[in-house]
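Subject: Handover of a structure and the findings on it

Dear colleague,

Please find below the structure that I am handing over to you. My notes on it follow directly after.

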Amino acid sequence: MTGLIERILDVSASLLLAVLVALLIVDAALFESRPRGPDRLGWLAPRFRTGAPTGLALTHAVLALAICAWSLAWLTFSVVHHLGLAQADPRVLAFFASHRAPWLTGLARVLTWLGSTLVLWPVAIIAGLGLWRWRRRWLPAILPALALTGAWAGSLLIKGLVGRSRPPLADRLTVVHSSSYPSEHAAQALATWGMLALMLMAGRSARARALLAAGAALIAFVVGLTRLYLGAHWMTDVLGGWALAGVWDCLLIICYLLAQQMTAPPPERQAGTAVYRRAA
């Protein structure tokens with residue numbers, strides 16, 4: 001049975017890679033041939049249309065969801081059966097333990113709070129109020145809080161199902177009591193900061209969007225490193241936390257895009273509005 005599941009994961013990885021390559025090729029073709037490119041795709045045209053909630057943005061979100069879901073399944077399988085990357089966990093822990101320094105330990109103990117609910121809940125609430133004042137829409141305002149809630153609940157659920165032990169007590173520099181896989185801090189950091197960055201991207205330049213995405217990714221990466229440095233988690237725990245955050249955030253973004261489409265005015269009304277604006 002283990003061999004069959006491993007084979008299924010390998011085949012699904014190949015399929016996902018093929019779909020990703022095909023999507024990149026189509027993206028490149030559309031970039032070179034806009035605005036005539038989408039019309040050549042027939043029934044696929046709406047899935048690659050830019051500027052529409054259910055267009056290219058939804059296609060990317062669905063593909064990202066599939067990649068993150070596969071990564072979470074593969075990592076969980078590796079942890080449960082001690083295969084693949086899970087076999088490298090002790091070596092990674094030994095590397096971090098052998099490179100500890102007093103100043104790094106103090107810094108890690110501070111930065112790891114960026115993935116804690118004690119810090120993230122105030123951030124999500126304040127950010128939600130700011131987003132509501134800026135955009136006057138309730139859905140973008142609550143998405144950071146929903147991202148944090150889902151990452152927290154999903155981590156607890158998987159922890160209870162897998163029940164993985166933490167690294168040895170002698171290697172820990174922090175007090176932890178729950179199961180190890182996946183890392184709750186890593187999942188919460190990526191889910192919350194990533195969703196906040198996505199909500200702040202609306203209406204901004206490409207450079208600003210890239211900086212927001214890089215900032216969120218950097219915070220999540222640093223939080224993951226602190227969990228490894230402090231001996232609170234194995235490497236696959238952190239990777240699993242990031243994969244879980246990706247799954248949950250992608251689900252939220254898909255729902256958000258579909259909600260935007262449902263609340264958008266019909267094409268006839270949009271056309272009429274455009275004519276009126278030109279006439280004015």
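A salt bridge is counted here where a side-chain nitrogen of Lys or Arg lies within 4 Å of a carboxyl oxygen of Asp or Glu. Please note that this is a predicted model, in which local features need pLDDT of at least 70 and side-chain atom pairs count only at pLDDT 80 or more, while totals for chains, interfaces and linings use all residues. Residues are numbered from 1 along each chain as its sequence is written, and side-chain values use heavy atoms, with hydrogens and water left out.

Salt bridges

The structure holds 2 salt bridges. In one of them, the side chains of R164 and D237 meet at 2.7 Å, N to O. This pair links distant parts of the chain, 73 residues apart: R164 belongs to the loop between α6 and α7, and D237 to helix α9 (residues 235-263). Helices (H or I, at least four residues) and strands (E, at least two) are DSSP runs, numbered from the N terminus.

The side chains of D89 and R164 also form a salt bridge, again with 2.7 Å from N to O. Because D89 lies in helix α3 (residues 89-98) and R164 in the loop between α6 (138-162) and α7 (184-200), this pair ties together parts that are 75 residues apart in sequence.

Cysteines

How many disulfides does the structure hold? There are 0, a disulfide being a pair of cysteine sulfur atoms within 2.5 Å. The sulfur of C68 has its closest cysteine sulfur in C250, 4.7 Å away, which is too far for a bond. C250 is itself buried, with a relative accessible area of 12%.

Overall build and core

The chain has 10 helices and 0 strands. Of its 280 residues, 40% count as buried. In soluble globular proteins, nonpolar side chains tend to be buried together. A nonpolar core is taken as a set of buried Ala, Val, Leu, Ile, Met, Phe, Trp, Tyr and Cys residues joined through side-chain atoms within 4.5 Å. The largest such core has 39 residues, and those with the most contacts inside it are L72, L143, Y181, W193, M195, M199 and I253. Two or more residues of this core come from each of α2 (56-81), α5, α6, α7, α8 (206-229) and α9. Helix α9 gives the largest share, 11 residues.

Helix α5

Helix α5 (residues 117-135) has 19 residues and should span 27 Å at 1.5 Å a residue; its end C-alpha atoms are 25 Å apart, which agrees. The expected span is 1.5 Å times one less than the number of residues. The buried residues of α5 are L120, A124, A127, G128, L131 and R135. Seen down the helix axis, these buried residues fall within an arc of 110°, so they line one face of α5; the arc is that of the directions from the axis to the C-beta atoms. On the other side of α5, L118, I126, L129 and R133 are exposed. Just after α5, R136 takes a positive phi of about 55°.

Yours sincerely

Methods: Buried means under 20% relative accessible area, exposed over 50%, partly exposed in between (1.4 Å probe, protein chains only).
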